[in-house]
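This report goes through a single protein chain, from its overall form to one residue.

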Amino acid sequence: MNAWNFRIRSRDRDKETDRRRLDRLAELSTTLFHEVRRESDGIRRRYEAAVGDAAFAMEAQAAESDQRKLEGRIDDLTGTVLSCEARLRDLDVQAEFYQDILQRIATYRSSSDV
């Protein structure tokens, strides 16, 4: 190989490659952020329904003669509520992560030539 024939790509071509790469990363991060938010919204609806059902079950338990049946229902709802809370915490961390990525992309773009 002749060392004198070595060529590098133009700066404009490199900038365009970098811009496209950042665009793809931003698009994917935005998509993932929205996926997390949709999942979170659905879980919040189920969480609120479970909390409401648990409150009604506890009120009914006071008046119900067969409390064992309601105790099982309350236990199930308690498990659902706790699982929802844990998942919502995880999703909040993920959403924050994707927002951080998007912010870093924006910061990088504003401080670079891309």
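What does the accessible surface of the protein chain come to, and what percentage of it belongs to carbon and sulfur atoms? In this predicted model, the accessible surface is about 8800 Å², and carbon and sulfur atoms account for 52% of it.

The secondary structure of the protein chain consists of two helices and zero strands. The radius of gyration is 26 Å, well over the 13 Å that the globule rule gives for 114 residues, so the protein chain is more spread out than a compact globule. The C-alpha trace spans about 95 × 30 × 15 Å along its principal axes.

Values for the protein chain are listed below.

| Item | Value |
|---|---|
| Radius of gyration of the protein chain | 26 Å |
| Accessible surface of the protein chain | about 8800 Å² |
| Buried share of the 114 residues | 20% |
| Distance between the mean positions of positive and negative charges | 11 Å |

As for contacts between residues at least 6 apart in sequence, 76% of them join residues at least 24 apart.

One residue can be followed in detail. Ser29 lies in helix H1, which covers residues 11-63. Is Ser29 buried or exposed? Its relative accessible area is 3%, and because buried means under 20%, Ser29 counts as buried. When neighbours within four places in sequence are left aside, Ser29 is in contact with Tyr98, Ile101 and Leu102.

Note on methods
Residues numbered from 1 in each chain as written. Predicted model: local features only at pLDDT ≥ 70, side-chain atom pairs only at ≥ 80, totals over all residues. Heavy atoms only, no water. Helix = DSSP H or I, 4+ residues; strand = E, 2+ residues; numbered from the N terminus. Rg over C-alpha atoms; globule rule 2.2 N^0.38 Å. Buried < 20%, exposed > 50% of the residue type's maximum accessible area, 1.4 Å probe, protein only. Contact = heavy atoms within 4.5 Å. Areas by Shrake-Rupley, 256 points an atom, 1.4 Å probe, with all protein chains shown as cover. Lys, Arg positive; Asp, Glu negative; His and termini not counted. Charge placed at Lys NZ, Arg CZ, Asp CG, Glu CD.
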